[in-house]
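Dear colleague,

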Amino acid sequence: MDKKWWKESVVYQIYPRSFCDSNGDGIGDLNGIRSKLDYLQNLGINVIWLSPVYKSPNDDNGYDISDYQDIMDDFGNMEDFDNLLKEAHEHDIKIVMDLVVNHTSDEHKWFIESRSSKDNPKRDYYIWREGKDGKEPNNWGSCFSGSAWQYDETTGMYYLHCFSTKQPDLNWDNPKVRDEVFNMMTWWCEKGIDGFRMDVISMISKVEGLPDGKVWPGGKYGDLSNTTNGPHVHQYLQEMNKKVLSKYDIMTVGECAGVTIEEAQKYAGNDQTELNMVFQFEHTSLDHDENGKWTTKRFYLPDLKENLSKWQVELSGKAWNSLYWDNHDQPRIVSRLGDDSVASAKCVATVLHMMQGTPYVYQGEELGMTNCKFGSIENCKDIEILNAYKELVEGGKLSEEAFMKGVEAKGRDNARTPMQWDSSENAGFTTGKPWIMVNPNYKDINAKRQVADEDSVFNYYKKLIKLRRNSEWSDIIVYGIYELLDPKDENVYTYLRKLNNRTLLVICNVSDSEIDYQVPTDCKEEATLLISNNENVKLQKNIKLPPWFAGVWEI
Ligand code: NOJ
């Protein structure tokens, strides 16, 4: 057991725009977050991951940064940030910043200079290429639809943008770019922040010569495989580690699109020469289909178990996992794997929170906040959704109805509706007009009601977090070995956690049917119950599992 504080932590992600608005402009802000620190302390988390709060024109809600050392006007100013950091620390809560350095905003001063002329000293901060036969330099498609290249009239060349046209990719092969980034990171570390979540960090090194990507059947553009886990990514992260990260006691997590087990062992290996842990994306793609994410397809439990178990087993003792269902890019897990019910919210939480790794709770997940019926594209704000609508619906590839069903099942805006604080107007999120619609179910699902209700999803999360952080089972839950039982069962997710001759048994009925289940391991009746969403169910060899049942015992 190589014990570390960040392995024993539970992280809570805040998407500031949608968390809490303190000044009535309809947009969440830093002072709003500060006003909710007691709530977070009560929940029991000890780290906040703050989605970007830097200066930004908000083409992609802050993931397009125009000044890394200033705060977005909508969210407040640097003094508000300093106050938040100080008060969070007083609440024993650390703050991890979102580090978005694969790209900047096109309104960043580096890019403004870079695009101004071919011989500008900052030209090589970005990835500029001549067109090929009057077209883009290669076939790469952007993650947000269309080509990944934008023609720029000033110099008659194209720049690369793996995301929106307002998010030009930085050229990490330029040592000056790396130094600028490392200096900026040092500046934040000196301020006293507690770590970084690194946005699409697996994409910073592109394959030399920028070769075409693979065009998948039905697709128009090549994929971005030549931008992920590229030839120098580990070298650059090791340099970052040496020059910045290793000097501070901070936590780091890399968002690693396209990461494999083998790669994850390099990014987040026990030798700790790069990052502490990675976010992998395999499990969140299992309910996509041949046309991608805009589908109502649901998870098939044996596939989900196989995938999560692979990450549990193959990183164990070698690297460190992050555990997540939700974030600001994913639909709500209670709708995606559950059925919107309280029991299902507790069930899917149990599946995740008893695994090995550092768990992440995304704002509202602890309330069982659900996906939203947007009804019409007019109610959607996300650039990914809006661009896909243009390409797929206006391009005649999908009907509006099918697309909107896909959006309501998988779209990013599901996670971005305002946090539901209470049953007052706009769910208590703002006194003004919210920047995005509030989920109409806020009168039923809200924090005020749940904090007061012992059987709520909130209080269940609180218990799960306490078991991990501060109980006699903490060591097994954090460090124990994971062992999947019944891999092929289509309804029940059962696994063991083992450490020093102690064993936990986790049984979750991930279905809306009652299941007659034979427990696939020895279980004595005197087992100790740690947590359950239905305490009437007693552990025995043949057990009737109510729909969405979850229980954890020491056996
Ligand atoms: C991943 C972020 O999580 C997502 O929200 C963003 O749109 C892209 N990276 C681009 O920064």
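Predicted model: local features only at pLDDT ≥ 70, side-chain atom pairs only at ≥ 80, totals over all residues.

Residues are numbered from 1 along each chain as its sequence is written, and side-chain values use heavy atoms, leaving out hydrogens and water.

The ligand is surrounded by 14 residues (a heavy atom within 4 Å of it), the closest being Asp 60, His 103, Asp 199, His 328 and Asp 329. This shell comprises four nonpolar, three polar and seven charged residues (Asp, Glu, Lys and Arg count as charged; Ala, Val, Leu, Ile, Met, Phe, Trp, Tyr, Cys and Pro as nonpolar; the others, Gly among them, as polar). A side-chain N or O atom of Asp 60 lies 2.5 Å from a ligand oxygen atom. For His 103, the distance from a polar side-chain atom to an oxygen atom of the ligand is 2.9 Å. The protein buries 97% of the 300 Å² that the ligand exposes when taken alone (Shrake-Rupley method, 1.4 Å probe).

Helix 3 (residues 78-90) packs against helix 5 (residues 175-191) at about 55°, with the axes 11 Å apart (helices are DSSP runs of H or I, at least four residues, numbered from the N terminus; axes are lines fitted to C-alpha atoms over the stretch in contact, and angles run from 0 to 180 degrees between N-to-C directions).

Definitions and conventions: Helix = DSSP H or I, 4+ residues; strand = E, 2+ residues; numbered from the N terminus. Polar contact = N/O pair within 3.5 Å; in protein donor to acceptor, adjacent residues only side chain to side chain.
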